[in-house]
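Here's a quick tour of two ligand sites, written for someone meeting them for the first time. Have a look at the structure, then read on.

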Amino acid sequence: MKVLAVLDNPKYIPDIHGFLEKAGFSESTLYAVSNFDIPDGFDKVIRVDDVSSDVLVRMGDELDGFDIYIAPHTKKSLEALSYYAGYRGIPIATEIIDYIVEEKKIVRNILSGRGIVSYRVATPIALTIAPGKFKGSISRTPEVIHNDVKPTPSLISIEEKSFGGVDIENAEVVVGVGRGFRDKDDLNIAFELAKILGGEVGCSRPIAADYHWLDEDRWIGISGKKVRGKLYIAIGVSGAPQHIMAANDTRVIVAVNKDKNAPIFEYADYGVVADLYKFIPIFIDKLKRRLDV
Amino acid sequence: MDIGVIVKAALDVNVLRSEADGRISIENIPLVLSEYDRNAIYEASKISESTGGKVYIYSLLTWGPMDRKMRDFENVIREALALGGEEAFVVADKSIHYSEPMFTSEVLSRLIKKFGSPKLILSGEASTDMTSSTVAPYLAAKLNYNIVTYVKEMSLKNGYIEVLRDADEKLERLKIPLPSVVSVTGEINSPKLPTLIQIRRAFRKPLHRLELSDIDLSPVFSRYEDYRVVTIKRKNILLEDESLENVADKLIDHLIQEGVLKI
Ligand SMILES: Cc1cc2nc3c(=O)[nH]c(=O)nc-3n(C[C@H](O)[C@H](O)[C@H](O)COP(=O)(O)OP(=O)(O)OC[C@H]3O[C@@H](n4cnc5c(N)ncnc54)[C@H](O)[C@@H]3O)c2cc1C
Ligand SMILES: Nc1ncnc2c1ncn2[C@@H]1O[C@H](COP(=O)(O)O)[C@@H](O)[C@H]1O
């Protein structure tokens with residue numbers, strides 16, 4: 001087998017290696033196209049200026065003849081690889097979360113996380129791998145070559161996003177905030193609660209993406225981070241599957257919502273039907289007293 | 001300038017239907033307009049308001065059996081027309097139970113080339129049911145258009161578009177020449193609900209129903225994969241009491257019992 005990895009971020013190399021190991025391709029010929037230097041883990045690294053659809057297409061024959069084209073499920077690699085697959089007429093399966101070894105099947109979610117599907121694929125195939133699901137390491141010293149195909153000049157400017165550096169995916173306790181909060185300042189009570197419980201604050205997509213009240217590293221959901229600690233307390237979150245299914249691996253889920261019919265209660269172990277502005281201060285108060293903090 | 005929007009009639013993720021063995025019965029799940037396609041239609045109609053030109057809607061019925069899904073499919077397309085589409089070209093075919101992105105893109109590219117050929121095509125960032133995010137780039141390759149995905153802001157200039165695209169850890173402001181396919185995020189705009197008048201008018205807008213043979217494709221006889229429900233095992237205990245003090249105490253007791261809170 002010949003495998004070509006399309007990489008726009010070194011962070012996800014263990015995910016790619018992990019998938020290849022689990023699927024039995026760790027002995028394969030392993031090439032990478034990347035926009036950064038890779039000293040280890042591949043037979044050959046083709047270093048390019050940018051990982052973009054037009055660069056891949058213009059590289060021509062150099063990328064021909066691989067059995068598996070693989071990339072992390074990041075926005076940039078996904079775009080480039082999907083386009084390339086379309087250009088070459090290769091089928092594509094995205095956001096793979098698992099590989100069933102005995103049945104040789106790839107696994108992905110459907111229906112915003114409420115369903116799961118597994119199926120066999122034939123090569124050649126293009127795949128994107130969900131971050132955080134596989135972990136592996138293949139050691140090989142690559143031959144590095146540079147390809148100076150230039151991307152179509154299209155970049156006007158880059159804006160950095162702000163990140164506070166929180167890692168809610170590995171937090172044991174997460175307090176999640178949603179649109180039930182009326183104002184950014186009101187989030188203080190969630191931060192206070194998280195502090196008492198030794199946890200982090202996470203949020204629904206609108207809080208990060210629409211209102212920009214919190215950084216995107218706190219965004220929980222199928223298009224954000226997965227949480228899988230021992231406790232998730234969702235406050236003023238309605239419980240859309242795109243949000244709550246990303247917390248389904250958490251041991252205990254608590255929901256606080258003033259609407260008795262909010263879907264979040266179906267996904268919770270303990271539900272409190274109450275106005276968060278009334279309940280959370282009381283809850284904090286009680287916790288402080290009983291925890292003696 | 002004419003603009004095309006590709007819209008999906010997606011399985012309603014809020015209405016899950018399944019068998020006792022955990023198999024999802026796709027046949028029984030209703031179809032709704034895929035959430036972020038609303039944003040794509042709204043953006044297209046905003047642009048066309050200022051520049052003139054038509055907004056075309058293109059769609060393939062992804063899920064069969066066709067006779068069970070046709071009514072929902074038509075409602076979705078009518079909704080797309082009410083939201084700002086002016087003319088729709090849609091394909092539904094008895095031979096399709098599930099259409100994968102590769103085939104969907106093939107169908108859409110033929111539809112677009114044959115009817116209208118707009119130089120700007122918008123889509124949602126991901127469909128609500130499959131969230132594969134591949135149809136737009138795949139289609140762009142088939143049409144030989146440029147591609148840019150996860151666009152949070154866009155404006156049409158002379159012969160090109162200027163976009164702000166999300167690239168995970170940063171944002172990129174780009175100048176993309178037309179023709180191009182653009183996928184938009186759910187945050188690019190806030191679509192308004194269609195008014196009653198818009199809904200009524202949608203029924204008079206042209207909706208062209210086609211089969212695969214109309215775009216020179218043969219029947220595919222596709223089938224569903226084995227879709228399974230992800231099990232949710234929760235206790236679903238509602239803590240109710242006149243006094244929120246008591247509720248707070250009860251919740252703390254439960255959390256201690258669960259071993260997730262240490263006193
Ligand atoms: C393809 C796709 C991907 C998506 N990805 C994500 C994702 O990754 N993460 C995500 O979060 N969403 C995602 N979404 C969006 C998702 O569908 C929902 O729109 C979103 O999760 C809703 O956020 P929310 O619960 O904060 O807001 P709402 O749905 O508006 O809910 C607010 C809740 O607060 C309650 N409330 C109001 N006031 C109070 C009060 N005073 N006290 C207590 N409760 C109160 C209300 O009863 C309501 O239930 C995605 C959607 C799509 C289509
Ligand atoms: N069958 C279809 N017909 C028309 N447009 C589609 C279809 N499937 C997907 N799309 C478009 O492609 C986007 C991304 O879908 P997906 O690749 O499934 O995540 C959707 O938001 C739609 O705009």
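Let's begin with ligand 2: one of its nitrogen atoms sits 3.3 Å from a backbone N or O atom of B:Val7. That counts as a polar contact, meaning a pair of N or O atoms within 3.5 Å; within protein, one must be able to donate a hydrogen and the other to accept it, and residues adjacent in sequence count only if both atoms are side-chain atoms.

Before going further, some ground rules: this is a predicted model, where local features need pLDDT of at least 70 and side-chain atom pairs count only at pLDDT 80 or more, while totals for chains, interfaces and linings use all residues. Residues are numbered from 1 along each chain as its sequence is written, chains are lettered from A and ligands numbered from 1 in the order in which they are written, and side-chain values use heavy atoms, with hydrogens and water left out.

**Ligand 2**

On its own, ligand 2 has 480 Å² of accessible area, and the protein covers 99% of it (Shrake-Rupley method, 1.4 Å probe; for residues, only the protein chains shown count as cover).

Who's in the shell? There are 19 residues, and the closest are B:Ile6, B:Asp37, B:Leu60, B:Ser127 and B:Ser133; a residue is near if one of its heavy atoms lies within 4 Å. β4 of chain B gives the most, with three residues.

**Ligand 1**

Now for the other site. Ligand 1 is surrounded by residues from chains A and B, so this site is shared between chains.

| Residue | Atom of residue | Atom of ligand 1 | Distance |
|---|---|---|---|
| A:Arg205 | polar backbone atom | oxygen | 2.8 Å |
| A:Gln242 | polar side-chain atom | oxygen | 2.8 Å |
| A:Asp275 | side-chain N or O atom | nitrogen | 3.0 Å |

As for cover, the protein hides 86% of the 980 Å² of accessible area that ligand 1 has on its own.

Notes. Helices (H or I, at least four residues) and strands (E, at least two) are DSSP runs, numbered from the N terminus.
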